[in-house]
Amino acid sequence: MPEVNFALGTMGFGTKVDAATSLNLLDRFADAGGTLVDTANCYAFWNDPSGRGGHSEEVIGQWLTRRPSLRDQMYLSTKAGAQPVGPGDWPANREGLSASALKAAVEGSLRRLGTDRIDLYWAHMEDRTAPLAESAEAFGALVAEGIVGRLGCSNHPVWRVERARQIATANGWAGYTALQLRHSYLQPRPGAPVPDQSHRFGWVTDEVVDYVDSEPDLSLWVYTALLNGSYSRPDRPLLDAYDHPGTTRRLAALDKVAGELGVSRNQIVLAWLIGGSPAATPIVGVSNQEQLDEALAGARLRLPAEHRRLLDETA
């Protein structure tokens, strides 16, 4: 069975997607050969009256308890830094990335996930109140202790990622080796506000592509790869920021390739991301079996050279 190079996004598991459906989707994903599961300790605080997250991790923990033999097959990715921890409005009340916050965050994630290790642990968003060296040392210690296998950061500017990596290298600590940012085939107008994107530095840019291409140990994970259903669902039209001539041209190229290959727009987008340079690991959130099956097929699709060239050269 071909490798399934995408991560199952579980942001809504336990809130928007009920526990029973979530468990069934995890079963189907694993049985189809899926190995990457992405979550965060804050998912999904905005969907719960308590204003606290952890629901997604709890569902994954329940699933692993039901199917413990799959723990070694699954590569668990979770995040710290954005969980609300006190009164006030988010993001001012988030936990942040201090050493004490990370200690509490990882303990909570391990408990909810029902595991003794996290394969990939992310700094979810920036915290400029915590010195980079303090965060880097705390993250590195988790790797040294065997609690975490690998480190990544999400929604950070490139200069701070590189500075943190240099601090880690200089001190002999494990450093970030993965970036998680927003990316898809369609792109918004430069400078246009995108209402569903709250992270200033949460985008894949040309600089990010060059950075990942230039650093052999860095990998790229991307979220909102399918634009929350806007490629395929009439009830989810593209946001105004995507209303420009480039979108028209790219949708035409996408439809041409999809029609010639007999697959969906979503599948072409996933294949384009996975087979790109640098290759990206898309995080795909699903809420039903049909969406999961479509994503699995897209992750296994390999674009012929002429079709990839058409997609790449259309701007």
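**Notes on strands, salt bridges and surface**

1. Start with Arg-112, which counts as buried because its relative accessibility is 18%, under the 20% cut-off. Keep in mind that this is a predicted model. The partner of Arg-112 is Glu-57, in a salt bridge whose closest N and O atoms are 2.8 Å apart. The two residues sit in distant parts of the chain, 55 residues apart: Glu-57 belongs to helix α2, and Arg-112 to helix α3 (residues 99–113). Glu-57 is buried as well, at 0% relative accessibility.

2. How many salt bridges does the structure hold? The count is 21. As background, side chains of opposite charge can pair when their charged atoms come close. Several cases are worth a look in the viewer.

3. Take Arg-67 and Asp-27. They form a salt bridge, with 3.0 Å between the closest N and O atoms. This pair also links distant parts of the chain, 40 residues apart. Arg-67 is in the loop between α2 (55–66) and β3 (75–80), while Asp-27 is in helix α1 (residues 19–31). Asp-27 counts as buried, with 14% relative accessibility. Arg-67 has 23% and counts as partly exposed.

4. Arg-233 and Asp-235 make another salt bridge. The closest N and O atoms are 2.8 Å apart. Is Asp-235 buried or exposed? Asp-235 is exposed, because its relative accessibility of 53% is over the 50% cut-off. Arg-233 is partly exposed, with a relative accessible area of 29%.

5. Some charged residues join up in a network. Arg-71, Asp-72, Asp-116, Arg-117 and Asp-119 are linked by salt bridges.

6. Now the strands. Which residues of β8 (residues 280–285) are enclosed, and how many? Five of its six residues are buried, so strand β8 is largely enclosed by the rest of the structure. Strand β1 (residues 7–9) is joined to β8 by three bridges, and the two run parallel. Within that pairing, Leu-8 is opposite Val-284 of β8.

7. Strand β7 (residues 219–223) also runs parallel to β8, again with three bridges. Here Val-222 faces Pro-282 of β8. Strand β7 is itself largely enclosed by the rest of the structure, because four of its five residues are buried.

8. Strand β7 pairs with β6 too. Five bridges join strand β6 (residues 176–182) to β7, in parallel. Ala-178 has Ser-219 of β7 as its bridge partner. Follow the pairings across: β6 is joined to β7, β7 to β8, and β8 to β1.

9. Five of its six residues are buried, so β3 is largely enclosed by the rest of the structure. Strand β2 (residues 36–38) pairs with β3 over three bridges, in the parallel sense. Asp-38 has Ser-77 of β3 as its bridge partner.

10. Which residues form the patch? They are Asp-206, Glu-207, Asp-210 and Asp-213. Glu-207 is part of helix α6 (residues 206–214). With 54% relative accessibility, Glu-207 counts as exposed.

11. Val-269 is in helix α8 (residues 265–274). It is buried, with a relative accessible area of 0%. From Val-269 to Arg-71 is 29 Å, C-alpha to C-alpha, and the two are 198 residues apart in sequence. Arg-71 is one of the residues in the salt-bridge network of point 5.

12. Last, Arg-94. This residue is in the loop between β3 and α3. Arg-94 and Trp-63 are 31 residues apart in sequence, with 27 Å between their C-alpha atoms.

Terms used. Residues are numbered from 1 along each chain as its sequence is written. This is a predicted model: local features need pLDDT of at least 70, side-chain atom pairs count only at pLDDT 80 or more; totals for chains, interfaces and linings use all residues. Side-chain values use heavy atoms; hydrogens and water are left out. Patches are made of residues with over 30% relative accessible area and no salt bridge: like charges are joined within 9 Å, nonpolar side chains (Val, Leu, Ile, Met, Phe, Trp, Tyr) within 5 Å. Accessible areas come from the Shrake-Rupley method with a 1.4 Å probe; for residues, only the protein chains shown count as cover. A salt bridge is a side-chain nitrogen of Lys or Arg within 4 Å of a carboxyl oxygen of Asp or Glu. Lys and Arg count as positive and Asp and Glu as negative; His and the chain ends are not counted. The place of a charge is taken as NZ of Lys, CZ of Arg, CG of Asp or CD of Glu. Buried means under 20% relative accessible area, exposed over 50%, partly exposed in between (1.4 Å probe, protein chains only). Two strands pair if DSSP finds at least two bridges between them.
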